[in-house]
Amino acid sequence: MKSFQNKNIIIAVTGGIAAYKMCNVIRLLKKEKANVKVIMSEAATQFITPLTLSTLSENEVTVSLWPENKYQSTKKSVEHISLGLWGDAMIIAPASAHTISKLTNGMASDIIGVTVLSLRCPLIIAPAMDVDMYQNELTQKNISYLKEMGYFIIPPEEGELASGLKGVGRLPEPEKLVEFLRTVISGKHLDLKGKNILVTAGPTHEPIDPVRFIGNHSSGKMGFALARVASQRGANVTLISGPVSLQTPKNVKRIDVTTSVEMTKAVFSGVKKNQIIFMSAAVADYTPEKTELNKIKKNKKNFSLSLKETTDILASLRSKNKKAFLVGFALETENEVVNATNKLLHKNVDMIILNSLRDKGAGFGRDTNKVTIIDRNKSIEELSLMSKYNVAEEILERVVRLIKKPDAKKH
Ligand code: CTP
């Protein structure tokens, strides 16, 4: 239980009645020998005084970005930078809707905003507000965005709120906030640390001539979400991507390819060193037998293209790496579960993520997905419609569970 000894914790308090709970959070952390520095928004000082929090934390509390006497010292004007370097973890609690919105936009208008932008340690955000403000689509969108950026979110709890309304919005009790901080400080959330993970994403383009290709509608979003979540859990992630217009997730090594041949080469060269492989790319099954050097002219009434089969990358992986945990994807339009289960067996993989084009909100280009996860132990689990980031989290959760169970894989 020594996890906080000599650890530097930054506590940011914003405007909300739950600000009083932070007194106890500070006391609990001090009891465990943490060094605590508090920063506050102006609004927070309406709910609790800086004097209270500085007394408890045994440190100066910063509210303003600016030095009180600008002619006397410039040290204070770089406080946010030094704080960003000083912290081992930062928690914003309660995090108001206003602060959450400012963070989403990267605003540096107060001490909390600038500290977050210059932060090098993990950041935990604990939203707390009235139920309607919390459930508002804008707030929800902002929270999802911050989560995708890699910040930890402690969801608010349900109960009686200061407004007199009942619902979700209460800041969890101090003990819970401290336990969450403990998990982050101890690095327990990095459960994929040391694991090499390969993810493929996007479509392939099979050239017909210099201006045309055979492609598909894959946007790459699902694969990029998997790469992002795996990297946030500490894995070394290589992302092999077909042509997409997406930003590479932080700390992920990206290899860009265009054709199925290039994708095959890139995957095969990395197959041995990866312990988990996600084949979420929509690789073309057929490619033109021949790519014309010049543009094909429109000089015939009928035109046919001769195609040849491509390598089935996923089906070739087991023979190249007996131990890797292999995850395939199956996009189906009919007899979904039967077809996907057949793919799992036929391609000798550990898990298949089934997408049905019949499901509303699932499929190409969207930010949401609805999948069914089928694994080698014949478990079939249908998930509800959720963001692709959340789907990625659910998939990784199950993969981690299965690789931890030694008897879960039999090839
Ligand atoms: N896949 C692959 N190499 C290919 C084609 C597909 O590695 N040449 C992988 C995909 O990345 C996916 C899985 O195989 O993980 C299933 O892809 P899908 O297109 O659904 O299935 P196919 O095997 O191509 O079968 P069909 O198109 O007949 O449904």
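Modeller: A crossing is left-handed if the near helix is turned anticlockwise from the far one by less than a right angle, and right-handed if clockwise. The model is predicted, so local features need pLDDT of at least 70 and side-chain atom pairs count only at pLDDT 80 or more, while totals for chains, interfaces and linings use all residues. Residues are numbered from 1 along each chain as its sequence is written, and side-chain values use heavy atoms, with hydrogens and water left out.

Colleague: Which hand does the crossing of H1 and H2 have?

Modeller: H1 passes H2 in a right-handed crossing. Helices (H or I, at least four residues) and strands (E, at least two) are DSSP runs, numbered from the N terminus.

Colleague: Why is H1 called roughly parallel to H2?

Modeller: The axes of H1 (residues 21-31) and H2 (residues 50-57) cross at roughly 15 degrees and come within 9 Å. Axes are lines fitted to C-alpha atoms, for helices over the stretch in contact, and angles run from 0 to 180 degrees between N-to-C directions. Angles under 35 degrees count as roughly parallel, over 145 as roughly antiparallel, 65 to 115 as roughly perpendicular and the rest as oblique. H1 is therefore roughly parallel to H2.

Colleague: Which residues make the contact?

Modeller: H1 contributes Cys23, Ile26, Arg27 and Lys30, and H2 contributes Thr52, Leu53, Leu56 and Ser57. Contact means heavy atoms within 4.5 Å.

Colleague: Is Ser231 buried or exposed?

Modeller: Buried means under 20% relative accessible area, exposed over 50%, partly exposed in between (1.4 Å probe, protein chains only). Ser231 has 11% relative accessibility, so Ser231 counts as buried. Ser231 sits in helix H9 (residues 221-232). Beyond four places in sequence, Ser231 touches Val237, Lys250, Asn251 and Val252.

Colleague: What makes Asn251 exposed?

Modeller: Its relative accessibility is 66%, so Asn251 counts as exposed. Asn251 lies in the loop between E11 and E12.

Colleague: What is the phi of Asn251?

Modeller: Asn251 is not a glycine, yet its phi is positive, about 65 degrees. Most residues other than glycine have a negative phi.

Colleague: How do you know that Thr264 is buried?

Modeller: Thr264 has 9% relative accessibility and therefore counts as buried. Thr264 belongs to helix H10, whose buried residues also include Met263 and Val267. Outside four places in sequence, Thr264 is in contact with Thr311 and Ile313.
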